Amino acid sequence: MKLGSLMLAGALALAALPAQAQEFSGRFLLETHDGKRVNDESFKGKVRMMAFGYTFCPDVCPTALSTMAAALDLLGPQRAEQVVPLFVTVDPKRDTRAQLKDYMSAFGPSFIGLTGTVQMTDAAARSFRVRYEIHQPADKDSDHYVVDHSAGIFIMDRNGGFAAKLGHTANAEDVADRLRQVIDGESK
Ligand SMILES: [Cu+2]
C-alpha cells in the first residue's frame with residue numbers, strides 16, 4: 001500500500017512537469033549554421049533579436065526576417081552591431097546547416113541560423129513558448145510539407161532576459177524602436 005501511494009505521488013509530480021516546462025525561460029542549446037554549439041549565455045553582451053521558423057516557409061518567416069533586417073538598417077551601424085539576429089529552425093530535417101547558412105546570407109551578414117536535433121529544437125521552442133507542428137506528408141519520404149509555427153520576434157537584453165515580443169504585424173520601425181530602447185537603456 002505504501003509503495004502504491006508513493007508511486008502515485010511520483011506520477012502526480014511528473015504530471016505537473018509539462019505545465020512548468022511551458023514557463024518562458026528563454027534558454028536554449030543549439031548549433032549555429034557554422035556548427036558551433038551555443039546556448040543563451042553565448043551571446044552575453046549582445047542584444048538579441050530572435051525568431052523561430054523554417055527556411056521553406058512561404059511567407060511568415062521571410063517577412064519576419066526582412067523586418068528584422070530592415071530594423072537593423074534603421075538603427076544604423078553603431079547600434080546594429082550591438083544586436084545579434086538569430087533564427088531558430090523548427091524543421092531541422094530539411095534545414096541543414098548549409099541550407100540555413102545560405103538562407104541567412106540573404107538577410108544580412110550578422111544573421112545566425114540555429115539548428116539542432118529534434119529534442120534540442122523542442123526544448124528551445126518550449127522555453128520560448130513557441131508552438132510548431134510539422135504536417136507529415138502522406139508519403140513519409142517526401143520533403144514537401146508545411147510547418148505551422150508561432151510567429152513573432154523576440155527581443156532579449158544583453159543578459160538574455162526577455163525584453164519584448166513583437167507580433168507578426170509589427171513593422172521595421174516598431175522593431176527598431178524597441179531595440180533602440182533596449183540598447184540605449186543598458187549601454188549607459
Ligand atoms: Cu514561417
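## A buried cysteine

Cys 61 counts as buried because it has 22 C-beta neighbours inside 10 Å. The cut-offs are these: a residue is buried if 20 or more other C-beta atoms lie within 10 Å of its own, exposed if 12 or fewer, and partly exposed in between, with C-beta atoms placed from the backbone. Cys 61 sits in helix α2, residues 60–75. Helices (H or I, at least four residues) and strands (E, at least two) are DSSP runs, numbered from the N terminus. Leaving aside neighbours within four places in sequence, Cys 61 is in contact with Gly 53 and Tyr 54. Contact means that the C-beta atoms of two residues, placed from the backbone, lie within 7 Å.

This is a predicted model: local features need pLDDT of at least 70, side-chain atom pairs count only at pLDDT 80 or more, and totals for chains, interfaces and linings use all residues. Residues are numbered from 1 along each chain as its sequence is written.

## The annotated site

An unreviewed UniProt entry lists Cys 57, Cys 61 and His 149 under "binding site". These residues span 93 residues in sequence, yet no two of their C-alpha atoms are more than 9.8 Å apart, so they gather at one spot. UniProt positions are given in the numbering used here, feature names are shortened, and annotations may be inferred rather than shown by experiment.

His 149 lies in strand β7, residues 147–149. His 149 is buried, with 23 other C-beta atoms within 10 Å. Not counting residues up to four places away in sequence, His 149 touches Phe 52, Gly 53, Val 90, Val 130, Arg 131 and Tyr 132. Gly 53 is also a contact of Cys 61.

## The sheet

The chain holds six helices and nine strands. Seven strands form an open sheet with mixed pairing, in the order β2-β1-β5-β4-β3-β8-β9. Its edge strands, β2 and β9 (162–166), each pair on one side only. From one strand to the next, the twist averages 30 degrees. Two strands pair if DSSP finds at least two bridges between them.

Helix α2 lies across β3, β4 and β8 (153–156), and runs at about 165 degrees to β3. Helix α4 (residues 97–105) also packs on the sheet; α4 touches β4 and β5 (112–115), and its direction makes about 155 degrees with that of β5. Axes are lines fitted to C-alpha atoms, for helices over the stretch in contact, and angles run from 0 to 180 degrees between N-to-C directions.

## Strand β3

On one side, β3 and β4 (residues 83–89) run parallel and are joined by seven bridges. Ala 51 has Phe 87 as its bridge partner in β4. Gly 53 stands opposite Thr 89. Strands β3 and β8 run antiparallel, with three bridges. Here Met 50 partners Phe 154.

## Phe 43 and the whole chain

Phe 43 is in the loop between β2 (37–39) and β3 (47–53). Phe 43 counts as partly exposed because it has 19 C-beta neighbours inside 10 Å. Beyond four places in sequence, Phe 43 touches Arg 48 and Val 84. Phe 43 and Val 84 are 41 residues apart in sequence, but 7.8 Å apart in space, C-alpha to C-alpha.

Of the chain's 188 residues, 32% count as buried. Among contacts between residues at least 6 apart in sequence, 68% join residues at least 24 apart.
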